[in-house]
Amino acid sequence: MRNNATAWNPYVAGALSGVLAVGSVAVTGKYLGASTTFVRGAGMVERLFSPDVVASVSYYLKEKPIIDWQFLFVAGIFLGAFLAAKLSGDFKIQAVPDSWRQRFGPGLGLRAVVAFFGGIIAMFGARLADGCPSGHGLSGLSQLSISGFLSAAGFFLGGILMARLVYGGK
């Protein structure tokens, strides 16, 4: 059960996100983003099995498969979300979320297949767009860029559309 006394104020969380975005530029000279980390992680795993291939792929020459600030940022997202859920009392381990179970039943197989292919589509889109929602949305909006506003609008509209399609408009 959720303990509202320990829940974060969304305005404070938003302000801290802004401080993080400014700090990212001030310290690293780069804007927030996360999708490149997953590509670099894939390159690190692939390098274990076929280092020659990774050394010759032009994409990995551009986006070197290394642990950098952005990799640690993504690890921090995971750790921060975990801590926030534990501290607020919202944390629970479940293979099939309640909303999915209500709509499609308790089966893990369908949930796993949909999650897997959804992840592939999301990563393909992030790479095609040369960035993810945090990169285009947070960083683009903070720079007041037209592409940031268009991306954010597309992310929200796409999310609303998919939620209505998957969960039936509830």
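Which residue with a positive phi follows α8? Leu144 follows α8, and the phi of Leu144 is positive, near 60°.

## Basis of the model

This is a predicted model, in which local features need pLDDT of at least 70 and side-chain atom pairs count only at pLDDT 80 or more, while totals for chains, interfaces and linings use all residues. Residues are numbered from 1 along each chain as its sequence is written, and side-chain values use heavy atoms, with hydrogens and water left out.

Helices here are DSSP runs of H or I with at least four residues, strands are runs of E with at least two, and both are numbered from the N terminus. In α8, the residues Ser134, Gly135, His136, Gly137, Ser139 and Gly140 are buried. Buried means under 20% relative accessible area, exposed means over 50%, and partly exposed lies in between (1.4 Å probe, protein chains only). The cover over the buried residues of α8 includes α9.

Leu144 sits in the loop between α8 (133–142) and α9 (146–167). Its positive phi occurs in a residue other than glycine. Leu144 counts as exposed because its relative accessibility is 65%.

A salt bridge is counted when a side-chain nitrogen of Lys or Arg is within 4 Å of a carboxyl oxygen of Asp or Glu. Side chains of opposite charge can pair when their charged atoms come close. By this rule there are 5 salt bridges. Arg40, Lys62, Glu63 and Asp68 are linked in a network of such bridges.

Glu63 and Arg40 meet at 3.0 Å, N to O. This pair links distant parts of the chain, with Glu63 in the loop between α4 (58–62) and α5 and Arg40 in helix α2, 23 residues apart. Asp68 also forms a salt bridge with Arg40, and here the closest N and O atoms are 2.3 Å apart. Asp68 lies in the loop between α4 and α5 and Arg40 in helix α2, so this pair ties together parts that are 28 residues apart in sequence. Arg40 is buried at 10% relative accessibility, Glu63 is buried at 14%, and Asp68 is buried at 15%.

## Val39 in helix α2

Val39 belongs to helix α2 (residues 35–49). With a relative accessible area of 13%, Val39 is buried. Contact means heavy atoms within 4.5 Å. Leaving aside neighbours within four places in sequence, Val39 is in contact with Tyr59, Tyr60, Met123 and Arg127. Val25 is 14 residues from Val39 along the chain, and the C-alpha atoms of these two residues are separated by 22 Å.

## Aromatic pairs

A pair of aromatic rings is described by the distance of the centres and the angle of the planes. Rings of Phe, Tyr and Trp (its six-membered ring) pair if their centres lie within 6.5 Å; planes under 30 degrees apart count as stacked, over 60 as edge-to-face and the rest as tilted. The structure holds 5 aromatic pairs. One of them joins Tyr59 and Tyr60, with ring centres 6.2 Å apart and planes at 70°, so the pair is edge-to-face. Tyr59 is partly exposed at 29% relative accessibility, whereas Tyr60 is buried at 12%.

The rings of Phe82 and Phe91 have centres 5.1 Å apart and planes at 85°, so this pair is edge-to-face. Phe82 is partly exposed, with a relative accessible area of 33%. Phe91, in the loop between α5 (69–88) and α6 (98–104), is partly exposed at 34%.

## The nonpolar surface patch

Phe82 and Phe91 also belong to a nonpolar patch on the surface, formed with Phe78, Leu79, Leu83, Leu87 and Ile93. Together these residues have about 770 Å² of accessible area, computed by the Shrake-Rupley method with a 1.4 Å probe and, for residues, with only the protein chains shown as cover. Patches are made of residues with over 30% relative accessible area and no salt bridge; like charges are joined within 9 Å and nonpolar side chains (Val, Leu, Ile, Met, Phe, Trp, Tyr) within 5 Å.

## Other charged side chains

Asp98 forms a salt bridge with Lys92, in which the closest N and O atoms are 2.9 Å apart. Asp98 is partly exposed at 34% relative accessibility, and Lys92 is partly exposed at 48%.

Arg111 lies over the face of Trp100, at 5.3 Å from the ring centre. A charge sits over a ring if NZ of Lys or CZ of Arg is within 6 Å of the ring centre and within 35 degrees of the ring normal.
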